[in-house]
Each structure stands twice: as structure tokens, then as C-alpha cells.
Amino acid sequence: MTGTVHFDPISGGFSGTIGVNEVLVKGPYAITVHVDQYLSNPIPGNPIIIPGQTNEIFPVDLVAGDINNDGKVNIRDYSVFLDCYNSFRAATNCDAAKKAATDLNDDGLVNDLDNSLLLREIRKQKHE
Ligand SMILES: [Ca+2]
Ligand SMILES: [Ca+2]
């Protein structure tokens, strides 16, 4: 199932509503949240879904920085990031899609803040 989520700068998180077009029965479901440019994360505890109503699920933390959407945050993402970030001169290989993917804090700029965030997330990942 897919749907649209929106970033809420006040809460610092994403929220949205996902419609389900299939017939579900009440019960526990394994749900994994995936947002482009973030690592997927399962919702803990297999929440009980009740058909025919809005079911709120607990928030989950998502790790930013999966710029190339390969399920990992590593040096390959940093390589793409450098196409849009250079502290000494203008970016030379950045298009709108890359800029959106490398603006990790969604402030419209690709700058030192995004660089720090990406390097921190890369350091936190287990080495392959
Ligand atoms: Ca990646
Ligand atoms: Ca940014």
C-alpha cells in the first residue's frame, strides 16, 4: 500500500493517511514505513487494524540519508550528495531531483546542515 505523507515542521515528523483498497479483517498487521530517502522501519508490536475506521499507528523514527534509495545509508549516498554540495564552489552536477533528495532537512537548501546530518547518519550505520 502506498500513500502520501507530509512533513510537519512543528512536530518534526511526517504524517498522513493511507487508504486501503483491500478487504481486511481485524487483527495484528506487520507494517513497515518507507519514505523515499529514509531507511525503512517496521512499526513495533504489529498494531491491531480495525476495518472501516481510521487506525492511528504509533510514530516511528526514520533514518534520513538514503539518497539513492538502496536501503542503506553509506558512502554511495554521500557521493550523490556531493553532486549538490560543495563548500568551496557552486554545485556542478545537481538537478532538481537530486537537490530534493539531498536536502535532508527539507529547508530548501543543500548546505552544511545537510552535510552534518548525512555524515552523522553514515557514522551510526553498521559497517558493511
Ligand atoms: Ca543509500
Ligand atoms: Ca537542507
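This is a predicted model: local features need pLDDT of at least 70, side-chain atom pairs count only at pLDDT 80 or more; totals for chains, interfaces and linings use all residues.
Local features are described here at pLDDT of at least 70 and side-chain atom pairs at pLDDT 80 or more, while totals for chains, interfaces and linings use all residues. Residues are numbered from 1 along each chain as its sequence is written, and chains are lettered from A and ligands numbered from 1 in the order in which they are written.

Visitor: Which pattern does the protein chain follow when read along the sequence?
Guide: The protein chain has three helices and six strands, where helices (H or I, at least four residues) and strands (E, at least two) are DSSP runs numbered from the N terminus. Read along the sequence, the pattern is β-β-β-β-β-β-α-α-α.

Visitor: How far apart do the C-alpha centres of domain 1 and domain 2 lie?
Guide: The domain assignment, whose bounds come from an automatic or database source, gives domain 1 as 4–49 and domain 2 as 75–124. Along the principal axes, the C-alpha atoms of the protein chain fill a box of roughly 55 × 30 × 25 Å. The distance between the C-alpha centres of the two domains is 26 Å.

Visitor: How many residues make up the largest nonpolar core?
Guide: A nonpolar core is a set of buried Ala, Val, Leu, Ile, Met, Phe, Trp, Tyr and Cys residues joined through C-beta atoms within 7 Å. A residue is buried if 20 or more other C-beta atoms lie within 10 Å of its own, exposed if 12 or fewer, and partly exposed in between, with C-beta atoms placed from the backbone. Among the members of the largest core are Ile67, Phe81, Ala101 and Leu118, and the number of residues in this core is eight.

Visitor: Which residues does Ala101 touch, not counting those up to four places away in sequence?
Guide: Two residues are in contact if their C-beta atoms, placed from the backbone, lie within 7 Å. With residues up to four places away in sequence left out, Ala101 touches Gln37 and Ile67.

Visitor: Is Asp106 buried or exposed?
Guide: Asp106 lies in the loop between helix H2 (96–102) and helix H3 (112–124), and has a positive phi of about 55° although it is not a glycine. Most residues other than glycine have a negative phi. Because 12 other C-beta atoms lie within 10 Å, Asp106 counts as exposed.

Visitor: What is the phi of Asn46 near?
Guide: Asn46 is found in the loop between strand S5 (41–42) and strand S6 (48–49). Asn46 counts as exposed because it has 12 C-beta neighbours inside 10 Å. Its phi is positive, in a residue other than glycine, with a value near 40°.
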